[in-house]
Amino acid sequence: MPRLVLLASLSVASLSAAAITLWSATSDTGSAIGSEAPPSSQLPRLVVQTPGFSNPRDAVNADVLLQRIEFSDGSSIGSAQFVYPTEIRNMQYAGPIDRFRQQNGANASIGPTGIAYIDDLDGDGQSVSAQDLGLFADQMKIVWGNNNLNNRILLQSQAGYSFVVGLRTRIWDSDWGRDDRPELFVFEDQGNSVMTIQALNDELVPVGTPLEIRAVDLVSMQPTKTWVGRWGQNGQPQSGTYEAKCCAIDLSRLGVTSTRYFKITTAVSGGGEASADLKILAVDTSPGPAAQTMTFD
Ligand SMILES: [Ca+2]
Ligand SMILES: [Ca+2]
Ligand SMILES: [Ca+2]
Ligand SMILES: [Ca+2]
(Lines give C-alpha, C1' and ligand atoms only; values in the text may rest on other atoms or scores of the structure.)
(Ligands and ions follow the chains in the order given, each with its own letter.)
Protein backbone atom coordinates (compact mmCIF):
# COMPACT_ATOMS: atom_id res chain seq x y z
CA MET A 1 0.00 0.00 0.00
CA PRO A 2 2.68 2.61 0.76
CA ARG A 3 4.20 2.08 -2.69
CA LEU A 4 0.87 2.78 -4.41
CA VAL A 5 0.53 6.02 -2.51
CA LEU A 6 4.06 7.02 -3.49
CA LEU A 7 3.56 6.24 -7.18
CA ALA A 8 0.25 8.12 -7.32
CA SER A 9 1.99 11.28 -6.22
CA LEU A 10 4.60 11.13 -9.00
CA SER A 11 4.34 12.55 -12.53
CA VAL A 12 4.11 10.15 -15.46
CA ALA A 13 7.62 11.10 -16.60
CA SER A 14 9.20 10.03 -13.32
CA LEU A 15 7.28 6.77 -13.03
CA SER A 16 9.89 4.56 -14.67
CA ALA A 17 12.71 6.06 -12.59
CA ALA A 18 10.67 5.57 -9.47
CA ALA A 19 9.97 1.99 -10.45
CA ILE A 20 13.71 1.36 -10.96
CA THR A 21 14.48 2.91 -7.59
CA LEU A 22 11.89 0.74 -5.90
CA TRP A 23 13.15 -2.34 -7.71
CA SER A 24 16.79 -1.72 -6.78
CA ALA A 25 15.87 -1.03 -3.16
CA THR A 26 14.03 -4.35 -3.06
CA SER A 27 16.90 -6.07 -4.82
CA ASP A 28 19.47 -4.63 -2.40
CA THR A 29 17.46 -5.86 0.54
CA GLY A 30 17.22 -9.29 -0.98
CA SER A 31 20.92 -9.59 -1.74
CA ALA A 32 21.85 -8.31 1.72
CA ILE A 33 19.78 -11.06 3.31
CA GLY A 34 21.16 -13.62 0.90
CA SER A 35 24.80 -12.74 1.64
CA GLU A 36 24.38 -12.81 5.42
CA ALA A 37 25.58 -15.78 7.41
CA PRO A 38 22.79 -18.17 8.39
CA PRO A 39 20.62 -16.58 11.07
CA SER A 40 21.91 -17.17 14.56
CA SER A 41 18.37 -17.25 15.86
CA GLN A 42 17.71 -20.89 15.05
CA LEU A 43 17.40 -22.80 18.28
CA PRO A 44 17.26 -26.50 19.00
CA ARG A 45 14.16 -27.61 20.90
CA LEU A 46 14.66 -26.69 24.55
CA VAL A 47 12.37 -28.90 26.62
CA VAL A 48 11.43 -27.20 29.90
CA GLN A 49 9.41 -28.66 32.77
CA THR A 50 7.64 -26.76 35.54
CA PRO A 51 6.87 -29.40 38.20
CA GLY A 52 3.50 -28.81 39.83
CA PHE A 53 2.34 -26.26 37.28
CA SER A 54 0.44 -27.18 34.14
CA ASN A 55 0.63 -23.59 32.91
CA PRO A 56 4.35 -22.67 32.77
CA ARG A 57 3.54 -19.01 33.37
CA ASP A 58 2.32 -19.99 36.86
CA ALA A 59 5.74 -21.43 37.78
CA VAL A 60 7.70 -18.19 37.85
CA ASN A 61 8.11 -18.31 41.65
CA ALA A 62 9.19 -21.94 41.50
CA ASP A 63 11.35 -24.20 39.32
CA VAL A 64 11.66 -23.67 35.57
CA LEU A 65 13.81 -26.64 34.62
CA LEU A 66 15.57 -27.15 31.31
CA GLN A 67 15.38 -30.94 30.98
CA ARG A 68 16.60 -31.69 27.50
CA ILE A 69 18.01 -30.13 24.34
CA GLU A 70 16.88 -31.75 21.10
CA PHE A 71 19.01 -30.97 18.07
CA SER A 72 17.84 -30.74 14.48
CA ASP A 73 19.76 -33.91 13.55
CA GLY A 74 17.54 -35.92 15.89
CA SER A 75 20.05 -36.30 18.72
CA SER A 76 19.33 -34.94 22.17
CA ILE A 77 21.15 -34.36 25.42
CA GLY A 78 19.63 -34.47 28.89
CA SER A 79 20.30 -32.19 31.82
CA ALA A 80 22.60 -34.75 33.45
CA GLN A 81 25.04 -34.14 30.60
CA PHE A 82 24.94 -30.34 30.65
CA VAL A 83 28.35 -28.75 31.19
CA TYR A 84 27.82 -26.04 33.79
CA PRO A 85 30.19 -23.23 34.73
CA THR A 86 32.32 -24.13 37.75
CA GLU A 87 34.57 -21.07 37.81
CA ILE A 88 33.79 -17.36 37.71
CA ARG A 89 36.90 -15.18 37.67
CA ASN A 90 37.88 -11.54 37.23
CA MET A 91 34.47 -10.25 38.30
CA GLN A 92 34.04 -6.58 37.39
CA TYR A 93 31.10 -4.39 38.37
CA ALA A 94 31.34 -0.67 39.05
CA GLY A 95 27.65 0.18 38.96
CA PRO A 96 25.22 1.34 41.65
CA ILE A 97 24.20 -0.67 44.71
CA ASP A 98 20.90 -2.57 44.83
CA ARG A 99 20.94 -3.22 41.08
CA PHE A 100 23.00 -6.40 40.53
CA ARG A 101 21.91 -9.61 42.17
CA GLN A 102 21.34 -13.31 41.99
CA GLN A 103 17.73 -14.37 41.78
CA ASN A 104 15.52 -17.43 42.04
CA GLY A 105 11.87 -18.22 42.60
CA ALA A 106 10.87 -17.87 46.25
CA ASN A 107 9.36 -21.37 46.12
CA ALA A 108 12.10 -22.95 44.01
CA SER A 109 13.66 -26.25 45.09
CA ILE A 110 16.64 -26.15 42.70
CA GLY A 111 19.27 -23.53 43.53
CA PRO A 112 19.50 -21.03 46.38
CA THR A 113 16.18 -19.26 46.85
CA GLY A 114 15.50 -15.57 47.04
CA ILE A 115 17.73 -12.76 45.95
CA ALA A 116 21.16 -11.53 47.04
CA TYR A 117 22.66 -8.22 45.93
CA ILE A 118 26.36 -8.06 45.16
CA ASP A 119 26.89 -5.03 47.41
CA ASP A 120 25.47 -6.77 50.50
CA LEU A 121 27.68 -9.84 50.56
CA ASP A 122 30.50 -8.32 52.68
CA GLY A 123 28.01 -7.12 55.28
CA ASP A 124 28.22 -3.48 54.18
CA GLY A 125 25.51 -2.71 51.62
CA GLN A 126 26.71 0.83 50.92
CA SER A 127 29.33 -0.06 48.34
CA VAL A 128 30.73 -2.85 46.17
CA SER A 129 34.06 -4.00 47.58
CA ALA A 130 36.65 -6.37 46.21
CA GLN A 131 35.32 -8.90 48.71
CA ASP A 132 31.80 -8.43 47.33
CA LEU A 133 33.06 -9.14 43.81
CA GLY A 134 34.76 -12.35 44.93
CA LEU A 135 31.82 -13.54 47.00
CA PHE A 136 29.38 -12.82 44.18
CA ALA A 137 31.56 -14.81 41.78
CA ASP A 138 31.45 -17.70 44.26
CA GLN A 139 27.65 -17.50 44.40
CA MET A 140 27.36 -17.35 40.63
CA LYS A 141 29.00 -20.76 40.43
CA ILE A 142 26.10 -22.12 42.49
CA VAL A 143 23.41 -20.13 40.68
CA TRP A 144 24.70 -21.22 37.27
CA GLY A 145 25.44 -24.78 38.38
CA ASN A 146 21.90 -26.09 37.88
CA ASN A 147 19.21 -26.39 35.21
CA ASN A 148 16.70 -24.04 36.86
CA LEU A 149 16.36 -21.13 34.42
CA ASN A 150 14.70 -19.12 37.18
CA ASN A 151 18.01 -19.18 39.08
CA ARG A 152 20.09 -16.51 37.36
CA ILE A 153 21.86 -13.20 37.76
CA LEU A 154 19.93 -10.02 37.10
CA LEU A 155 21.16 -6.49 36.49
CA GLN A 156 19.00 -3.38 36.68
CA SER A 157 21.59 -0.84 35.59
CA GLN A 158 23.28 0.26 32.39
CA ALA A 159 26.61 0.13 34.20
CA GLY A 160 27.37 -3.31 32.77
CA TYR A 161 29.70 -5.99 34.07
CA SER A 162 32.32 -8.46 32.91
CA PHE A 163 33.73 -11.75 34.14
CA VAL A 164 35.46 -14.89 32.97
CA VAL A 165 33.47 -18.14 32.91
CA GLY A 166 35.20 -21.48 33.31
CA LEU A 167 33.26 -24.60 32.37
CA ARG A 168 33.52 -27.86 34.33
CA THR A 169 35.20 -29.45 31.32
CA ARG A 170 36.46 -28.32 27.95
CA ILE A 171 33.80 -28.54 25.27
CA TRP A 172 34.43 -29.36 21.63
CA ASP A 173 32.60 -28.25 18.52
CA SER A 174 30.43 -30.89 16.89
CA ASP A 175 31.87 -29.83 13.52
CA TRP A 176 34.90 -27.65 12.82
CA GLY A 177 32.88 -25.62 10.29
CA ARG A 178 29.70 -23.65 10.90
CA ASP A 179 26.99 -26.08 11.94
CA ASP A 180 23.54 -26.08 13.45
CA ARG A 181 24.40 -28.06 16.56
CA PRO A 182 25.33 -25.31 19.03
CA GLU A 183 27.46 -25.80 22.13
CA LEU A 184 26.80 -22.67 24.23
CA PHE A 185 23.36 -21.58 25.43
CA VAL A 186 22.84 -18.03 26.69
CA PHE A 187 19.52 -17.28 28.43
CA GLU A 188 18.45 -13.67 28.98
CA ASP A 189 15.32 -12.08 30.42
CA GLN A 190 13.22 -10.66 27.60
CA GLY A 191 16.11 -10.94 25.13
CA ASN A 192 16.72 -7.22 25.10
CA SER A 193 20.39 -6.93 26.04
CA VAL A 194 23.74 -6.73 24.31
CA MET A 195 26.85 -8.65 25.37
CA THR A 196 30.15 -9.83 23.95
CA ILE A 197 31.57 -13.33 24.33
CA GLN A 198 35.29 -13.87 23.82
CA ALA A 199 36.88 -17.30 24.02
CA LEU A 200 40.05 -17.58 26.13
CA ASN A 201 42.76 -20.19 26.29
CA ASP A 202 43.70 -21.93 29.55
CA GLU A 203 46.00 -18.99 30.39
CA LEU A 204 42.94 -16.72 29.96
CA VAL A 205 44.44 -15.08 26.88
CA PRO A 206 41.86 -14.12 24.23
CA VAL A 207 41.66 -16.51 21.27
CA GLY A 208 39.36 -16.68 18.28
CA THR A 209 36.93 -13.89 17.48
CA PRO A 210 34.79 -11.87 19.88
CA LEU A 211 31.09 -12.42 19.25
CA GLU A 212 28.54 -9.75 19.99
CA ILE A 213 25.14 -11.09 20.96
CA ARG A 214 22.47 -8.55 20.17
CA ALA A 215 18.84 -8.48 21.18
CA VAL A 216 17.88 -9.87 17.77
CA ASP A 217 20.01 -12.95 18.48
CA LEU A 218 18.03 -13.77 21.64
CA VAL A 219 14.83 -15.47 20.57
CA SER A 220 11.85 -17.25 22.04
CA MET A 221 12.46 -20.80 23.13
CA GLN A 222 10.71 -23.62 21.35
CA PRO A 223 8.70 -25.86 21.35
CA THR A 224 7.07 -23.62 23.98
CA LYS A 225 7.86 -20.17 25.28
CA THR A 226 9.41 -20.08 28.74
CA TRP A 227 8.78 -17.58 31.54
CA VAL A 228 10.72 -16.55 34.63
CA GLY A 229 9.84 -14.44 37.63
CA ARG A 230 10.09 -10.74 38.42
CA TRP A 231 11.15 -9.21 41.72
CA GLY A 232 10.91 -5.62 42.86
CA GLN A 233 13.80 -3.62 44.26
CA ASN A 234 12.45 -4.36 47.76
CA GLY A 235 13.08 -8.06 47.25
CA GLN A 236 9.41 -8.99 46.95
CA PRO A 237 8.04 -10.97 44.01
CA GLN A 238 6.24 -8.79 41.49
CA SER A 239 3.25 -9.81 39.48
CA GLY A 240 3.86 -10.58 35.85
CA THR A 241 6.61 -12.49 34.10
CA TYR A 242 9.67 -12.10 31.96
CA GLU A 243 10.07 -14.29 28.93
CA ALA A 244 13.35 -16.22 29.04
CA LYS A 245 14.90 -15.95 25.59
CA CYS A 246 17.96 -17.80 24.33
CA CYS A 247 20.88 -17.52 21.96
CA ALA A 248 22.50 -20.81 20.99
CA ILE A 249 26.09 -20.51 19.76
CA ASP A 250 28.08 -22.86 17.57
CA LEU A 251 31.71 -22.63 18.71
CA SER A 252 32.77 -21.75 15.15
CA ARG A 253 31.16 -18.36 15.69
CA LEU A 254 33.74 -17.75 18.44
CA GLY A 255 36.50 -18.75 16.04
CA VAL A 256 37.54 -21.79 18.07
CA THR A 257 37.08 -25.55 17.85
CA SER A 258 36.98 -26.03 21.61
CA THR A 259 36.84 -23.90 24.70
CA ARG A 260 36.76 -24.08 28.44
CA TYR A 261 37.07 -20.39 29.33
CA PHE A 262 35.33 -17.37 27.87
CA LYS A 263 34.80 -13.79 28.90
CA ILE A 264 31.40 -12.11 29.05
CA THR A 265 31.27 -8.33 28.77
CA THR A 266 28.24 -6.10 28.70
CA ALA A 267 29.04 -2.60 27.47
CA VAL A 268 26.84 0.45 27.16
CA SER A 269 28.16 1.26 23.70
CA GLY A 270 26.68 -0.56 20.75
CA GLY A 271 23.11 0.65 20.84
CA GLY A 272 21.62 -1.98 23.13
CA GLU A 273 20.97 -2.14 26.81
CA ALA A 274 23.83 -3.43 28.89
CA SER A 275 21.80 -4.92 31.70
CA ALA A 276 21.90 -8.56 30.70
CA ASP A 277 20.08 -10.95 33.01
CA LEU A 278 21.93 -14.14 32.43
CA LYS A 279 22.29 -17.84 32.76
CA ILE A 280 24.72 -19.78 30.58
CA LEU A 281 25.30 -23.47 30.10
CA ALA A 282 27.11 -25.64 27.61
CA VAL A 283 26.93 -29.06 26.04
CA ASP A 284 29.63 -31.27 24.62
CA THR A 285 28.22 -33.82 22.22
CA SER A 286 31.17 -34.04 19.91
CA PRO A 287 33.14 -37.23 19.34
CA GLY A 288 36.09 -35.38 20.87
CA PRO A 289 39.45 -34.32 19.52
CA ALA A 290 40.89 -37.84 19.29
CA ALA A 291 38.10 -39.02 17.00
CA GLN A 292 38.16 -35.86 14.90
CA THR A 293 41.90 -36.09 14.21
CA MET A 294 42.05 -39.86 13.84
CA THR A 295 42.23 -39.73 10.04
CA PHE A 296 45.53 -37.83 10.30
CA ASP A 297 47.24 -40.52 12.39
CA1 LIG B 1 29.52 -4.13 50.19
CA1 LIG C 1 28.64 -27.14 16.75
CA1 LIG D 1 30.99 -25.63 14.30
CA1 LIG E 1 16.98 -8.36 29.77
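This is a predicted model: local features need pLDDT of at least 70, side-chain atom pairs count only at pLDDT 80 or more; totals for chains, interfaces and linings use all residues.
Student: What is the mean pLDDT of the protein, and what share of its residues reach 70 or more?

Tutor: The pLDDT is the predictor's confidence in each residue, from 0 to 100. Here the mean is 84, and 80% of the residues reach 70 or more. Over residues 1–40, however, the value is below 50, and this stretch has 7 contacts in the model beyond near neighbours in sequence.

Student: How many helices and strands does the secondary structure of the protein come to?

Tutor: There are 4 helices and 16 strands. Of the 297 residues in the protein, 35% are buried. Among the contacts with a separation of 6 or more, 73% are accounted for by residues 24 or more positions apart.

Student: How is Asp98 to be read: what is its phi?

Tutor: Asp98 has a positive phi of about 60 degrees although it is not a glycine. As for its surroundings, a residue counts as buried with 20 or more other C-beta atoms within 10 Å, as exposed with 12 or fewer, and as partly exposed in between. Asp98 has 16 such atoms within 10 Å, so it is partly exposed.

Student: Where is Asn90 found, and is Asn90 buried or exposed?

Tutor: Asn90 is found in strand E4. Its phi is near 55 degrees, again a positive value in a residue other than glycine. With 12 other C-beta atoms within 10 Å, Asn90 is exposed.

Student: Which residues does a cis peptide bond join?

Tutor: Gln222 and Pro223 are joined by that bond, with omega at about 15 degrees. Pro223 has its place in the loop between strand E12 (219–220) and strand E13 (227–231).

Student: Let us turn to a helix. What does H3 reach from its first C-alpha to its last?

Tutor: The expected span is 1.5 Å times one less than the number of residues. H3 covers residues 130–143, which is 14 residues, and reaches 20 Å, close to the 20 Å expected.

Student: Which residues in H3 are buried?

Tutor: They are Asp132, Leu133, Phe136, Met140 and Val143. Seen down the axis of H3, these buried residues fall within an arc of 95 degrees, so they line one face of the helix. The face turned away from the buried side carries the exposed residues Ala130, Gln131, Asp138 and Ile142.

Student: What covers the buried residues of H3?

Tutor: The cover includes strand E4 (85–92), strand E5 (100–103) and strand E7 (152–155).

Student: Over how many bridges do E10 and E11 pair?

Tutor: Strand E10 (residues 195–200) and E11 pair over 3 bridges in the antiparallel sense. As an example of facing residues, Ile197 stands opposite Leu211 in E11.

Student: Which strands form the open sheet of 3 strands?

Tutor: That sheet has the order E1-E2-E3 with antiparallel pairing. E1 and E3 stand at the edges with a single partner strand each, so one side of each is left without a neighbour in the sheet. Neighbouring strands here are turned by 25 degrees against each other on average, direction ignored.

Student: Over how many bridges do E1 and E2 pair?

Tutor: Strand E1 (residues 45–49) and strand E2 (residues 65–70) pair over 5 bridges. In E2, Leu66 is the bridge partner of Val48, and Glu70 is that of Arg45.

Student: How many residues lie between the strands in the hairpin of E2 and E3?

Tutor: This hairpin has 5 residues between its strands, and Gly74 takes a positive phi near 95 degrees there. E2 and strand E3 (residues 76–78) pair in the antiparallel sense over 3 bridges, and Ile69 stands opposite Ile77 in E3.

Key: Residues are numbered from 1 along each chain as its sequence is written. Chains are lettered from A and ligands numbered from 1 in the order in which they are written. Two residues are in contact if their C-beta atoms, placed from the backbone, lie within 7 Å. Helices (H or I, at least four residues) and strands (E, at least two) are DSSP runs, numbered from the N terminus. The arc is that of the directions from the helix axis to the C-beta atoms. Two strands pair if DSSP finds at least two bridges between them. Axes are lines fitted to C-alpha atoms, for helices over the stretch in contact, and angles run from 0 to 180 degrees between N-to-C directions.
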